[in-house]
Amino acid sequence: MRVAVLVSGSGTNLQALLDAERAGTLAPAEIACVVSNRPGAGALARAQAFGKPALTVDHKLFPAREPFEDALLAVLIEHRAEAVVLAGFMRVLTGRFLDRFPERILNIHPSLLPAFPGVDAQRQAFDHGVKVTGATVHFVDAGLDAGAIVLQAAVPVADGDTVEALRARVLEREHEILPRAVSLLAAGRLVRTGRRVAVLP
Ligand code: GRF
């Protein structure tokens, strides 16, 4: 399954996907291209170093979401993408875009959803005083971080923790569950019933 990875930032989750592809644990998925909405995002250099098409569709150059998404879709079609992974992609996608990849768009989020959706989830969790937080891979729907949950990983919060230390430990778990979820999607082993997603043996 040819997967397009959308990014906006440094790309450590992209790196985990690239490393999994090289190790053979991302199969039967392969990364078709990497697209950033921010010129110069660190993730692009990681894609280039791996020999993957690394492209930029700068949302600031478009008057509205639709023309931006049309340009993004054109790149994905050109690279024959069959599924999409949001790996630190900081743009909300409209239903028009989502409908082009039904049940084929995954996002990684740094909290145990449905708790702490949105930005800076690690700080939200820390400030809220939770004892356990973590990371979530979910299908993307029209809601904000609200789609059906595919995989989660828990991260205990220690008394002496800082937000930065917590962010780093959550990121480690993100790098474990995102490649696994992408591989499961490509293998057709994710079965959805309403909001519940089961993993076939
Ligand atoms: C990750 O914590 C991801 O969960 C969130 O944005 C961060 C991106 O990190 N959506 P990176 O660019 O993959 O390093």
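Okay, a definition to start: angles under 35 degrees count as roughly parallel, over 145 as roughly antiparallel, 65 to 115 as roughly perpendicular, and the rest as oblique. Now, this is a predicted model, where local features need pLDDT of at least 70, side-chain atom pairs count only at pLDDT 80 or more, and totals for chains, interfaces and linings use all residues. Residues are numbered from 1 along each chain as its sequence is written, and side-chain values use heavy atoms, with hydrogens and water left out.

Let's go to helix H1, residues 12-23. Helices here are DSSP runs of H or I with at least four residues, strands are E runs of at least two, and both are numbered from the N terminus. Axes are lines fitted to C-alpha atoms, for helices over the stretch in contact, and angles run from 0 to 180 degrees between N-to-C directions.

H1 packs against H6 (163-186) at about 50°, with the axes 9 Å apart. So those two are oblique to each other. On the H1 side you'll find Thr12, Asn13, Ala16, Leu17 and Ala20, and they meet Leu171, Glu174, His175, Leu178, Pro179 and Val182 of H6; contact means heavy atoms within 4.5 Å. That set splits into seven nonpolar, three polar and one charged. For the classes, Ala, Val, Leu, Ile, Met, Phe, Trp, Tyr, Cys and Pro are nonpolar, Asp, Glu, Lys and Arg are charged, and the others, Gly among them, are polar.

H1 also meets H2 (residues 42-49): their axes come within 9 Å and cross at roughly 15°. That makes H1 roughly parallel to H2. Thr12, Leu14, Gln15 and Leu18 of H1 touch Ala43, Arg46 and Ala47 of H2.

Next, the largest pocket, about 810 Å³. A pocket, on a 1 Å grid over the protein atoms alone with a 1.4 Å probe, is an open set of points with protein on both sides within 12 Å along at least five of seven lines, and lining residues have an atom within 4 Å of a point. The volume is the space filled by probe spheres set on the points, which are joined across faces, edges and corners. Of its 37 lining residues, Gly88, Phe89, Met90, Ile108 and Pro110 are the closest to the centre. H6 gives the most, with four residues. The lining has 17 nonpolar, 14 polar and six charged residues.

Most peptide bonds are trans. Ala27 to Pro28, though, is cis, with omega near 5°, and Leu113 to Pro114 is cis too, omega about 15°.
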